[in-house]
Amino acid sequence: MRGLWTTDRVRAAEERVLARVPAGSLMRRAAFGVAVAAVDLLDGRRRVGLLVGAGNNGGDALWAGYYLLRRGIAVSAVLLDPARAHAEGLAAFRRAGGRVVDRLRDVDLVVDGIVGLSGRGPLRPAAAEHVAHLDAPVLAVDSPSGVDPDTGAVDGPAVRADVTVTFGCLKPVHALADCGEVRLVDLGLEPELGGPDLVELDLADVGAAWPVPGRDDDKYTQGVTGVAAGSATYPGAAVLATGSALLATSGMVRYAGAAAEGVRAQWPEAICTGSITDAGRVQSWVVGPGLGTGLGAEDVLRTVLEAGVPVCADADAITMLANNPDLWDARDPDTPVVLTPHDREFERLAGEVGPDRVAAARRAAGKFDAVVLLKGHATVVAAPDGRVLVNRARTSWAATAGSGDVLSGLIGSLLAAGLDPLLAAGCAARVHVLAAELAADGAPIPASALLSAVPDAIRAARREAS
Ligand SMILES: NC(=O)C1=CN([C@@H]2O[C@H](COP(=O)(O)OP(=O)(O)OC[C@H]3O[C@@H](n4cnc5c(N)ncnc54)[C@H](O)[C@@H]3O)[C@@H](O)[C@H]2O)[C@@H](O)CC1
Ligand SMILES: Nc1ncnc2c1ncn2[C@@H]1O[C@H](COP(=O)(O)OP(=O)(O)O)[C@@H](O)[C@H]1O
Ligand SMILES: [K+]
């Protein structure tokens, strides 16, 4: 489990540490970490270029330049705002033989010290101009400049980093955006930080939380998942959601709906019925994928919400709740609900997502008193109490029709097994992207292939945990 702290929290912690340590010592420690990573990346090559902004991020870069110069590496620097360049860092850099230049030429590595924690918005034109012409690998100091450190949003020109060296703790950008490989330099901040704002689950956390049958379990005790999905028009959604619920945990899956015949043909082990009213007892419901939004579908949603068991509401269920908020009245206030919108579904339900996806998911989670899993390359899962898990995919192969149906089945089965809804959604998201990655192995896949890789993804997670 990795914690991530927003920049205001980091600043507050830094101030407390700075009050106890000699002036400049934190910056030199940070800069030394940058220099060590640079030497590593240079792998014997000897020319480094610095892009230096107006604040302490530029100061870090200049001090890193100083340490590199002392190792005999040639370092040149572009000062984007010469009058505001970090004075001590610049003096040290010049003293060690560093050259200030108008443009970086013939360098083996670029150090991006344009802007860090105080960065807002895309790169300004002068910085963007220098970044547009880079042809060497880039090491970003703290965070890639032009990417918002608190939201990971990119709204114009930004640095594309191969490696990011950050200090003290991880910030949201490191989980929400592409920072290349992220390395953390310890500044002794940990005791001052308090609990993290966001959490990223490790595969080992997922493996440890994943339910497995014990000696005394039978098919009922592990939790029965109910799937109310699919229709005559969209039987595939029912097949995918039921299949993933079957593959995610042992125990039992009941399917109720118009696609019963198709589901039975594909999954003989599912207990299928045509109607929700004779589905039998379950410990969770997955509702929505391919269900449609007509009156019959509304009745299904109402029945599920009043059943008193945790619900994963996806796709058409979200659209129905957006169109007809009275449907929420059917929910017993104690019934945990996980909503899994993509951006357009989110917009119908709770307004525009906007650049701050974490804030958007938190806002909706509070509003509906539900766990909200906002889909995307970086999936954000927010609980009504403010806890947030983030899970960034390493590839985008999951962006294929039907893959959301697989995700909802995974969540439903973890809810049936009794996992905390936030953890259920976070673990499902992690296994989902790993299954996509394993199935794709470099080539496009349909959602059914992603589904087939679910057992391999769970195995990989359980191996990490053992
Ligand atoms: N506070 C501390 O104790 C430490 C801070 N450190 C470094 O200090 C950094 C934060 O420094 P500062 O608060 O001075 O600010 P930054 O260096 O992040 O930003 C400096 C200035 O850049 C400009 N800027 C903002 N957005 C921009 C954009 N999109 N394009 C171009 N320029 C932009 C602004 O004028 C801003 O004040 C951290 O990221 C880290 O690198 C480290 O030295 C570790 C210790
Ligand atoms: N660019 C991306 N990278 C990684 N995963 C993605 C990306 N885009 C979408 N996904 C994932 O793919 C799934 C798509 O779900 P959804 O939009 O509901 O599709 P469908 O309704 O066709 O099943 C979600 O789990 C989402 O997080
Ligand atoms: K930077």
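**A tour of the annotated binding site**

Select K375 to begin: this residue sits in the loop that joins β16 (371-374) to β17 (378-382). Strands (E, at least two residues) and helices (H or I, at least four) are DSSP runs numbered from the N terminus. The model is predicted, so local features need pLDDT of at least 70 and side-chain atom pairs count only at pLDDT 80 or more, while totals for chains, interfaces and linings use all residues. Residues are numbered from 1 along each chain as its sequence is written, and chains are lettered from A and ligands numbered from 1 in the order in which they are written.

K375 counts as buried because 22 C-beta neighbours lie inside 10 Å (buried: 20 or more other C-beta atoms within 10 Å, placed from the backbone; exposed: 12 or fewer; partly exposed in between). Beyond four places in sequence, its contacts (C-beta atoms, placed from the backbone, within 7 Å) are T340, P341, H342 and G404.

Next, select K375, G376, H377, A378, T379 and G404, listed by UniProt under "binding site" in an unreviewed entry. These residues span 30 positions in sequence, yet no two of their C-alpha atoms are more than 14.2 Å apart, so they gather at one spot. Such annotations may be inferred rather than shown by experiment.

Move to A378, in strand β17. A378 is also buried, with 20 C-beta neighbours inside 10 Å.

Finally, display ligand 2. Of the 17 residues around this ligand (C-beta atom, placed from the backbone, within 6 Å), K375, S396, A398, A399 and G404 come nearest. Helix α15 (residues 403-416) gives the most to this shell, with four residues.

Terms used. Contact = placed C-beta atoms within 7 Å.
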